[in-house]
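Please look over the structure below before reading the notes on its folding and packing.

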Amino acid sequence: MSLEYLILLKAELQICLLIFFLLLLKITRTIPNEKLLPLIQLLLLANFVGGCFYNQSGDLFDGMFVSNKLIHLQKHILSLAVYLISLLFSGWFRRCLHLTEFFVLMLSALLGMYFLLSSGNLLIFYLSLELATIPIAAMANFELTRKRSAEAAMKLISSAAFSSGILLFGISLIYGTTGSIRFPEIPLLLDGSALQVMAFVFLVTAFAFKLSIVPFHLWTADVYEGSPAAVTAFLSVVSKGVIAFAFLTFLYKVFQPFNSIWYHILMLLSILTIVAGNLFALRQQNMKRFLAFSSIAQVGFIVVAMMGKSVESITAITYFVLIYVFSNLAAFGVMEIVAQHTGNENRNALKGLYKSNPLLSWVLALAMFSLAGIPPTAGFFGKLILITAGASTASYGFIIFVALNLVVSLYYYLLVVKNIFMDDAIEPLEKIPISGSAKLGLVVCAAGILLVGIFSWIYDYIAEQV
Amino acid sequence: MAFHPCRYIVLLMNVSLFLWVPLATALFLLLIRNIQLVRVVALVGSVIQAFLCIFLYFMYLNERARIGDAFMYFEQQFNWFPSLGISYHVGVDGISIAMMLLTSFVVIAGVLMSWRVEKMTREFFFLLILLSLGAYGFFLSLDLFLLFFFLEVAVIPKYLLIGIWGSGNRKHSANKLALMLMMGSALILVGILGLYFLSGKPGFDITQLKATDVPEKVQQVCFPLLFIGFGVFTALFPFHTWVPDGHSSAPTAGSMFLAGISMKLGGYGCLRVACFLLPLGAKAFAEPIIILSTIAIIYGAFATMMQKDLKYLNAYSSISHCGFVLLGLGMLTQTAYTGAVLQMVSHGLMTALFFAVIGMIYERTHTRNISEMGGLLKVMPMASVLLIIVGMCSLGLPGLSGFVAEMTIFTGAWQNNAILPRVATVLACMSIVVTAVYILRAVGTVVMGPLKDKYQSLRDMVWYEKGAAFVLLLGILIMGVAPGWLVALIKPATQLIMQKIQQP
């Protein structure tokens, strides 16, 4: 293997190094969590920074592994998300019994996701999808003493396994009818036969499951509620982000000839997803379930953007996932801090938060505004650019429907803001102590929410890579 | 000759200053520890902004003398999202300057009236200045995306102002306001996207769109979307239901800003975006607009007669007066358009003053119920006289701004000699009688008559209330007695708009 190959695999090799280093550390010495956590955060920061240099494009292993500028950017966004997760949930991490194992699992899932983004044929695609999913099921069960965690993990692994089965069936049908598993060749060999369309539907089903698109979303709320918050954040932000990116490659590169078919599928799915996500989120009292359904609604908007033309859609969705990373992680971070301190995962725990904890309140309020799409937060730009990308080929009625759903989603995000600023606390809340790294994470997320939108060179930078 | 030295300063006129000053004020506010200093900084910031607006007016006259008629003056354009055709494009014309002058006066008055706010003072002034930033940006924008951005920036401060510092059923009113305004914004968004994709050349720029001939089919769909969307902000019937609760539950400065400026955002949007860029749509939908605005005028007036609460009285009266704006827009004559803009300015000043006086009265009597008050002229002569003056302005007494605006609208409306506009004009004129009824009855009950014992010891206006009232009253009197300069300011801009409308 020449140096060139190693550089192409740089991101993956970095993660592998991290995993082995952590394993060695665990085997050879026992380090208390207080010292281990900052070390892990530093390593993840180094991983993020390392992703900025020496990015090269090319193919490896006869087209199995593909790398280009856009893929590097997407991997970079994911590594940023993982770093922020390690910062924001430090309270939970410090108390976690098997910290090294947790991060080994998380980094293995991340490795799978990196390979998923770089996959060049259906086989490596399936393999990396499995690698990306199974460790998360183990992570979901990490609070070993809670029954809810076990339930969440069981639900996740069994529904993931089922959807994998359907995915495999679809893949085998594609191979059977086209004779090829390589992404560049498949669009040339597609002939629109019924068997191929059915295989395509199976593949879309697998993506829809992972993205929590209605009606494949039924696992989402329970898994999000039962898992520890760090895992929920990872699932909702990183996992969804990577599947969205992979779905894009799938639709625009591999199944480009089926454009007219998947357009209508996506329209139907987006309508269902947005409506169900909004309606269910209105009723949720548990914070994690609330964020679960809100992320379902966000995914609905992402699917709207997927209906547009390839260049604008890919740029819009990549941009939106970056903004979604900041907003959602900020929301999860604050909610976890409050829930840990008050022992109450209900939205009522947030009442009157502003009087004692201004930093937490403002960050959560900013996150809510960004998720709702209010300027000057980045969420406004993200949502608007998503809708613009999707509107290029849509009808007036559909866009009016999507825009009016923005109003519905605003209502439930404002419920949280109302709880923080306008309601009085049920029991008096004192100032919640936040660790330094969590504060850093919150500040970075807040800065991201405020600045990523207005400073538009990020969007143009993404547009160039496409 | 007096403007000679200004010729060099004009080169420095940077309209983005109007965005930097409030932004700097707002951010600076957050860093200050001392609460009294917070108030002073907010006041200083808004006064600086007002002086800048007056300065801008003189610079505009200069520039007009120099280069003659142009669509926009002091334009600035920077690329923002070049791949989407979005740019930071700002500029002013006569209408923008008039609206910005209005905004600056109302903001000064609002800051002064809120001097004694104790609860979370810093956040209150921060949100107020942020709100004004949204308004200034909206009036300056020449790019539809930027316009939408500033329109939306204002929604959350309004929600928080009503929800945290309001009174009565504040949480419900705040929710209703936020959701209905967002619904309007959603419709505007669809209209803007329709223009972006279907106008022939994809772009969000107003100057570019004004030069393109948007296809008629597109106009027929986008115009109602845009007009209704902006109309929600201006209490177009039947989307006016957020106004009574929203204005009444808001704190005094919030009500002043909401009724004074926020409702004008809609009117300005209707004029600049809907009527100007989509002239065929404006002509096609003129009749429904006239009908809906007449309903708003008459329904608003009659509903006001029923109100027992002073703030609700003013809120419904605002629905009625803003109906005049939309009526003027529906008449499609030059004078009517000029009248619509004049009514926006006049009503803004007037209703802000009205809410300010109501705030003063409420703070002292702790009731807004008209029947519980009486004889306040004996203990609060200054405030009572102000109430009388503002009431007279509302019913259009000559010498005050209300007369100028309404007269212009009626003259312009009469010039349109089709049947429906004539009937509408007559009906709208008759609503002035209804206005007189409710104003005279309410003001009379509050100000004259026997004084209740519990009100014997009320104080008259304090310095900050006098300041706020002075600022607004100055505007009303100038506009009422010498409106020539204002009409000369607005007319060229409306002339340009009429030219585009009467083109094909």
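This is a predicted model: local features need pLDDT of at least 70, side-chain atom pairs count only at pLDDT 80 or more; totals for chains, interfaces and linings use all residues.

Residues are numbered from 1 along each chain as its sequence is written, and chains are lettered from A and ligands numbered from 1 in the order in which they are written.

**Chain B overall**
- Chain B holds 22 helices and 2 strands, where helices (H or I, at least four residues) and strands (E, at least two) are DSSP runs numbered from the N terminus.
- Its radius of gyration, taken over C-alpha atoms, is 22 Å, close to the 23 Å that the globule rule (2.2 Å times the number of residues to the power 0.38) gives for 504 residues, so chain B is as compact as a globular protein of that length.
- The C-alpha trace of chain B spans about 70 × 55 × 50 Å along its principal axes.
- Of the 504 residues of chain B, 61% count as buried, that is, with 20 or more other C-beta atoms, placed from the backbone, within 10 Å of their own.

**Chain B against chain A**
- In the contact between the chains, 27 residues of chain B meet 26 residues of chain A, a contact being two C-beta atoms, placed from the backbone, within 7 Å.
- The largest share of the chain B side, 12 residues, comes from α8(B).
- By class, the side of chain B that touches chain A has 21 nonpolar, 4 polar and 2 charged residues; Ala, Val, Leu, Ile, Met, Phe, Trp, Tyr, Cys and Pro count as nonpolar, Asp, Glu, Lys and Arg as charged, and the others, Gly among them, as polar.

**Helices α5 and α7 of chain B**
- The axes of α5(B) (residues 121-140) and α7(B) (residues 155-165), lines fitted to C-alpha atoms over the stretch in contact, come within 9 Å and cross at roughly 150 degrees, on a scale from 0 to 180 degrees between N-to-C directions.
- That makes α5(B) roughly antiparallel to α7(B), the term for angles over 145 degrees.
- Among the residues that meet are B:Phe124 and B:Leu127 in α5(B) and B:Pro157 and B:Trp165 in α7(B).
- This contact has 8 nonpolar, no polar and 1 charged residues.

**Helices α14 and α15 of chain A**
- The axes of α14(A) (residues 287-305) and α15(A) (residues 310-342) come within 11 Å and cross at roughly 175 degrees.
- These two helices are therefore roughly antiparallel to each other.
- The contact of α14(A) with α15(A) has 12 nonpolar, 4 polar and no charged residues.

Note on methods
Angles under 35 degrees count as roughly parallel, over 145 as roughly antiparallel, 65 to 115 as roughly perpendicular and the rest as oblique. A residue is buried if 20 or more other C-beta atoms lie within 10 Å of its own, exposed if 12 or fewer, and partly exposed in between; C-beta atoms are placed from the backbone.
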